[in-house]
Amino acid sequence: ATFTCESPCVVPTVANAAGGGVCKEAGEGEKILPFTSCTTQCAAGYTQSVKYLSCRAGTFTPKSVECNPDPCDAPAGVDFVSKEGSCKEGKSLTSGSSCTSQCLAGYTPSVATL
């Protein structure tokens, strides 16, 4: 029988991570033991691309995590809005994208895009 001695993984620096870092179990630059996992976390308004990073032989799997901006909801409560919704692009918009306003026939949006 044989065995290996494995090194820990270093918690990466991730843009828009939660205040204590991207791993709940250890801070940025700290170490996670091999054969354990890091529960990922992001700042408010951001969602992590993966829920866990597993440490094995000094490397996380998957290799990285991103904190992506949460989508935005299309405006609600607008009078005389189109039956398809307030934005041509749908009810949920990717952060940074535009909303093309739409109204019922006979009405014109006060602003063409948001």
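Student: How many salt bridges does the count come to? Please look closely at what they join, then move on to the rest.

Tutor: This is a predicted model, so every value here is computed from predicted coordinates. The count comes to 1 salt bridge. The partners are Arg56 and Glu6, whose side chains meet at 2.8 Å, N to O. Arg56 lies in strand β5, residues 52-56. Glu6 sits in the segment before β1 (9-10). The pair therefore ties together parts that are 50 residues apart in sequence. Arg56 itself is partly exposed, with a relative accessible area of 47%. Burial would require a value under 20%.

Now turn to the nonpolar core. The largest one has 15 residues. Val11, Val14, Val22, Ile32, Cys38 and Phe60 touch the most other members. In soluble globular proteins, nonpolar side chains tend to be buried together. Take Val11 as a worked case. Leaving out residues up to four places away in sequence, Val11 touches Val22, Cys23, Ala26, Gly27, Glu28, Gly29, Glu30, Ile32 and Phe60.

Thr40 sits in the loop between β3 (37-39) and β4 (46-48). Its relative accessibility is 1%, so Thr40 counts as buried.

Next comes Leu93, in strand β9 (residues 92-93). Leu93 is also buried, at 9% relative accessibility. Not counting residues up to four places away in sequence, its contacts are Pro71, Cys72, Cys87, Ser98 and Cys99. For a sense of distance, compare Leu93 with Ala15. The two are 78 residues apart along the chain, and their C-alpha atoms are separated by 21 Å.

Last, the largest pocket. It holds about 180 Å³ of space. Its lining has 13 residues, and Val78, Ser101, Cys103, Pro109 and Val111 are the closest to its centre. The lining divides into 8 nonpolar residues, 5 polar and no charged.

Back to where you started. The salt bridge between Arg56 and Glu6 is the 1 found by this rule.

Technical notes
Residues are numbered from 1 along each chain as its sequence is written. This is a predicted model: local features need pLDDT of at least 70, side-chain atom pairs count only at pLDDT 80 or more; totals for chains, interfaces and linings use all residues. Side-chain values use heavy atoms; hydrogens and water are left out. On a 1 Å grid over the protein atoms alone, a cavity is a set of points where a 1.4 Å probe fits but cannot get out, and a pocket is an open set with protein on both sides within 12 Å along at least five of seven lines; lining residues have an atom within 4 Å of a point. Grid points are joined across faces, edges and corners, and a volume is the space filled by probe spheres set on the points. Ala, Val, Leu, Ile, Met, Phe, Trp, Tyr, Cys and Pro count as nonpolar, Asp, Glu, Lys and Arg as charged, and the others, Gly among them, as polar. A salt bridge is a side-chain nitrogen of Lys or Arg within 4 Å of a carboxyl oxygen of Asp or Glu. Helices (H or I, at least four residues) and strands (E, at least two) are DSSP runs, numbered from the N terminus. Buried means under 20% relative accessible area, exposed over 50%, partly exposed in between (1.4 Å probe, protein chains only). A nonpolar core is a set of buried Ala, Val, Leu, Ile, Met, Phe, Trp, Tyr and Cys residues joined through side-chain atoms within 4.5 Å. Contact means heavy atoms within 4.5 Å.
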